[in-house]
Amino acid sequence: MGDTSSPTRINVLGDFRVRLPDGTDITPSSKKARAIVAYLALKPAGKETREQLRNLVWSTRGEKQARDSLRQTLTSLRQTLSRENASEILVADREEVRLRLEKLWIDGHEVQHLAASDSPEKWRRLPELYDGELLAGLEIADPTFNDWLLVERMRFQDLLRSTVERLLEFHTARSDLPAAAEAA
């Protein structure tokens, strides 16, 4: 059994990864499954309606085909996420699908938390967590998902840029040029 003292980790910055507390990689193999997990991981409540998920990832398909594709993807995700203590991370009913965020550590959430703080010490940690652009290399053939991804990538880039600028201003105001150079 895995270590239950730390949560399962989802990395959305850089290459998408899902890892159990013991480090075991349980990243879904399907690009669309990764897209759904990443999308839910970045939602404030970790949930979305089935209809919205179908429209996000299968917007060019008919309703029945999209519904069947989502059902099949969720079945596959449940099997992938059911290892060790990762069970019950994904909850789905007839209307919505939800990630249980309380059981997860998500790098995108941590970056947002650090950037929102007033602490230069926390701001310094942000570049360490920012392991590359959001969902690097994850491209799926759906315009709705790709539009969402573009907006989210820009949002995270702006967040990083503005936080580093604040850190530079902090160090410059204190005439700490070595720390400012390191932040830059």
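The questions and answers below go through a predicted model of one protein.

Biologist: What should I know about the model before reading values from it?
Modeller: Residues are numbered from 1 along each chain as its sequence is written, and side-chain values use heavy atoms, without hydrogens and water. Totals for chains, interfaces and linings use all residues, while side-chain atom pairs count only at pLDDT 80 or more and local features need pLDDT of at least 70.

Biologist: How many helices and strands does the protein have?
Modeller: Helices (H or I, at least four residues) and strands (E, at least two) are DSSP runs, numbered from the N terminus. Along the sequence they follow the pattern β-β-α-β-α-α-β-β-β-α-α-α-α. That gives seven helices and six strands.

Biologist: Is Met154 buried, partly exposed or exposed, and why?
Modeller: Met154 sits in helix α6, residues 143-173. Buried means under 20% relative accessible area and exposed over 50%, with partly exposed in between (1.4 Å probe, protein chains only). Met154 has 42% relative accessibility, so Met154 counts as partly exposed.

Biologist: Among contacts between residues at least 6 apart in sequence, what share joins residues at least 24 apart?
Modeller: Contact means heavy atoms within 4.5 Å. In this protein, the share that joins residues at least 24 apart is 59%.

Biologist: What does the C-alpha trace span along its principal axes?
Modeller: The span is given for the C-alpha trace of the protein. Along the principal axes it comes to about 60 × 40 × 25 Å.
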